[in-house]
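Notebook open, structure loaded. I want to look at the chain contacts, then at a sheet.

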Amino acid sequence: MSLLEIKNLHVTVDGNEILKGIDLTVNAGEVHSIMGPNGSGKSTLAQVLARRDAYHVTEGSILFEGKDLLEMKPEEAACEGMFLAFQYPVEIPGIGNTYFLRSALNAQRKYRGEEEMDAMDFLPMFREKLKLLEMDDKLMNRSLNEGFSGGEKKRNEILQMAVLEPKLAILDETDSGLDIDALRIVAQGVNSLRSPERAMLVVTHYQRLLNYIVPDFVHVLVDGRIVRSGGKELALELEERGYSWTEHEPVGARA
Amino acid sequence: MSTDMNVVHEMAAKDYEWGFVTDIEEDRIPRGLGEDVIRLISAKKQEPEFMLEWRLNAYRYWASQAKADAEPKWANVTFPPIDYQGITYYSAPKQKKTLNSLDEVDPEILRTYEKLGIPLAEQKLLANVAVDAVFDSVSVATTFKAKLAEAGVIFCSFSEAVQKHPDLVRKYLGSVVPHTDNFYAALNAAVFSDGSFVYVPKGVRCPMELSTYFRINAAETGQFERTLIVADEGAYVSYLEGCTAPMRDENQLHAAVVELVALDNAQIRYSTVQNWYPGDKNGKGGIYNFVTKRGKCLGRNSKISWTQVETGSAITWKYPSCILQGDNSVGEFYSVALTNNYQQADTGTKMIHLGKNTKSTIVSKGISAGHGQNTYRGMVKIMKGATGARNYTQCDSLLIGDKCGAHTFPYIEVKNASARMEHEAATSKIGEDQLFYLQQRGLKTEDAVSMIVNGFCKQVFKELPMEFAVEAQKLLAVSLEGSVG
């Protein structure tokens, strides 16, 4: 059974059709990259997978480990192992980062019928993950994302992913707004989380990130459709030639 | 903290669980109000002459106000006219004799407190908290008296104070809130049945937090508490007040008065978690909470802090205030007020700066959900002699849903040019983005909402004693139940 199976997915937002028939299969252990120009529907796909309700699925199906994802609430999808690293992480005043993350982890553990983690067990694990992302633990005493720089916010997303250990992690433009050092640290964090049990969907419109997080498959999304799929070399070709050619040249052998 | 969230969760699944009625024999007088009723109340309480005179004065003032239709109408709340002659002004559990220990308390009453979660038996008490429990109108039990007496602290029911410490009562009663202050304060002065009295002598730091739980039990019984706290020179006391009331269909009037007096270098912290019955989802029933609370920083370097978490009542009309009379005195007001369903709250504070270099801080957090209407009304007055006075006001509103309202009425009056005033205000909505973010990490909607709300209130919660802060979080979660669909 595939981890994620998207079939003929059509999605509208405010009456406009954004996704026009997406087919995509992701197996455990794979890293897929979704590339495409602005407005092609990349973020919409990410949001739909995270079950945001402003997006209306008009046709098609999504199975997550064989279960109907479209029947799940956002928190259920999360507890089933779906993680979205947000393009714009929100700030929430008054909620400590550490407290929030432990609450989230325990909500997920409870859902899966596992025992909740107390502070004694949580903190050592948490400190390990902080080190991995080279994050200052002073940040963790602050409110959730409040006063964080753009780079700190993105690193915090990956930190959350490291703690929550999802089955499918969607990285929505995680590279945007990162300088080269931050990009390296984020990529390092992501790579350390690659495993045969976990899949990743890396949404980006620059090839740059893919130098650090090397995908197994690259899909090009243009105007709500996947117009081309290939291996990692497809990303390089895109970098060189831009996106426009993908719409005009015939689709070659699909991955 | 995850266990807190669990508790929050359990609580959220419940209806107003304190909606039960204790079946005990009551001693009550006929409905209505007149001089004869005042005399009867005073006689029942075997009060000295000065108290009767004081009550009668207040009654006459109130009656003249009632005749002149002078019930305050400026608050941003609406309710049908109150029939003051339809209320019973005195109701007490029948007691045969004075009680010496808890064993003698009516077991039915003890069970009521157990349901409320007030562990009355000393061994069950929260460490270091003495409880003076008010059941309807009469205090039935006071604990930890011995330890307090050792420190010289007087903590007893108001009735007892009138009998045992008449000089103190006479000196300070009405010195902060005179009966002419307002309509409800006058009514309270005339008919108040009981309440708490605290006196902390010179240089004494009260060895524990003092706590009172109020409870309205008898149907259609107006409850008129009166609390008086005096901190003598260099004294310190922290007082906690918590309220719950059972479910009722008819509205019940609650018009309390609290007076605080701080002498030179004294400090009083007064914390309230108020959870009177708010009415049902359609706005039926609920308590009218018309309360006058005021502290006077009479001495130099004195300090009075009000911290309140208001989640209950159909209507809240309440402005805990400070009169900063002594030089260098400090007044603080930290408030969380939540309105859900059809609740209305018009609450805030008054800071009256009289002395030199007086300082005041106001932090108000209003949360509106459902059809709730939440009004902040605050006055900061810098009088002529208050050279070097400073005020900082922060007033934030959080809206949940699109049928509720938040309103802010700040009044600022400055008569001394050296004053420094700061006012910050912000209104925000619980954003769909924030909710989705938390849900995407695995938190249920209700938990996500209470997490955001608790974050919003953090500045105020941290002013509360620990146990109270936890209770306040639980109450917010319960009160917000069903506000986000």
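**Where A meets B**

I started with the contacts: 25 residues of chain A touch 20 residues of chain B, counting two residues as in contact if their C-beta atoms, placed from the backbone, lie within 7 Å. I keep in mind that this is a predicted model, where local features need pLDDT of at least 70, side-chain atom pairs count only at pLDDT 80 or more, and totals for chains, interfaces and linings use all residues. Residues are numbered from 1 along each chain as its sequence is written, with chains lettered from A and ligands numbered from 1 in the order written.

Which elements give two or more residues to chain A's side? I found α2 (74–79), β7 (92–96), α3 (97–111) and α5 (150–164) of chain A. Helices (H or I, at least four residues) and strands (E, at least two) are DSSP runs, numbered from the N terminus. The most comes from α3(A), with eight residues.

**The sheet in chain A**

Next I traced an open sheet of six strands with mixed pairing, in the order β6-β9-β10-β3-β11-β12 (chain A); two strands pair if DSSP finds at least two bridges between them. At the edges I see β6 (82–85) and β12 (225–230) of chain A, each pairing on one side only.

I then checked β6(A) against β9 (residues 168–172) of chain A: they run parallel, joined by four bridges. Leu84(A) has Ile170(A) in β9(A) as its bridge partner.

Last, I looked at helix α1 (residues 42–49) of chain A, which packs on the sheet and touches, among others, β6 and β9 of chain A. Its direction makes about 145 degrees with that of β9(A), using lines fitted to C-alpha atoms (for helices over the stretch in contact) and angles from 0 to 180 degrees between N-to-C directions.
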